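Let's walk through this protein together, strand by strand.

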Amino acid sequence: MGGKVKMKKFSMLGLVLISTLILGACGSGTNNTNKTKKTSSTATATTETKAKEDKGTYKDRTLTVPDGVLKITEFQKGTSFDGKPIFYVLFDLTNNTKEAQDVQMLYSSFVSVSQNTGDTTEDLTYGIVNDSPIKDRIDMLNKKVNPGATVQAAYPYEFADETKPVTFTFRDSMFSMGDPIAVEEITIK
């Protein structure tokens, strides 16, 4: 009978030992999972921060993004071919891509212009002009800027309301997803 008691005690001890090992392994697996999640979370945060840094910057009316640099240098008021009030955005545009880029398309991929008239917000359209003192800069819109080169150009817009400020929305590309890099409201004088 003493052998059976010893055997039961030994079996119980073995069962406790196996249970402890199993529970320890489960606990260890849980800790590894949590560590993996934390590491994954950290990697995601780092990737998101890098994505924001890669998207670009805007300061002193200069947008700097991976594909180029757009620096707004001046605004001028004028009149369209049919007498409507317009304004010109004069800018320097640098192409940082590896291929020649259409000036108008590259400019349009970086900036959109709208105006809140009170009741509506309207995307401003291209202002058609016959004669302009900056015709050579407007004509630059029909050319391509070579890789690494900078051109001086101008884009004419028709006002929706000449008395209201104009909103410029800057982004890194035409099909950019998410928030813009910057939005600036400018009164054209």
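In which sense do strand E6 and E10 pair, and over how many bridges? Strand E6 (residues 111-116) and E10 pair in the antiparallel sense, over four bridges. The model is predicted, so to speak of local features pLDDT of at least 70 is needed, side-chain atom pairs count only at pLDDT 80 or more, and totals for chains, interfaces and linings use all residues. Residues are numbered from 1 along each chain as its sequence is written, and side-chain values use heavy atoms, with hydrogens and water left out. Strands (E, at least two residues) and helices (H or I, at least four) are DSSP runs numbered from the N terminus, and two strands pair if DSSP finds at least two bridges between them.

Stay with E10, residues 166-170. Four of its five residues are buried, meaning under 20% relative accessible area with a 1.4 Å probe, protein chains only. Phenylalanine 170 in E10 is the bridge partner of valine 111, and also has alanine 182 in E11 as a bridge partner. E10 and strand E11 (residues 182-186) run antiparallel, joined by five bridges.

Now turn to an open sheet of five strands, ordered E1-E2-E3-E4-E9 with antiparallel pairing. Strand E1 (57-59) and strand E9 (150-158) each have a single partner strand, so one side of each lacks a neighbour in the sheet. From one strand to the next, the twist averages 25°. Helix H2 (residues 103-110) packs on this sheet, touching E2, E3, strand E4 (85-95) and E9, where contact means heavy atoms within 4.5 Å. The direction of H2 makes about 100° with that of E4; axes are lines fitted to C-alpha atoms, for helices over the stretch in contact, and angles run from 0 to 180 degrees between N-to-C directions.

Terms used:
Buried means under 20% relative accessible area, exposed over 50%, partly exposed in between (1.4 Å probe, protein chains only).
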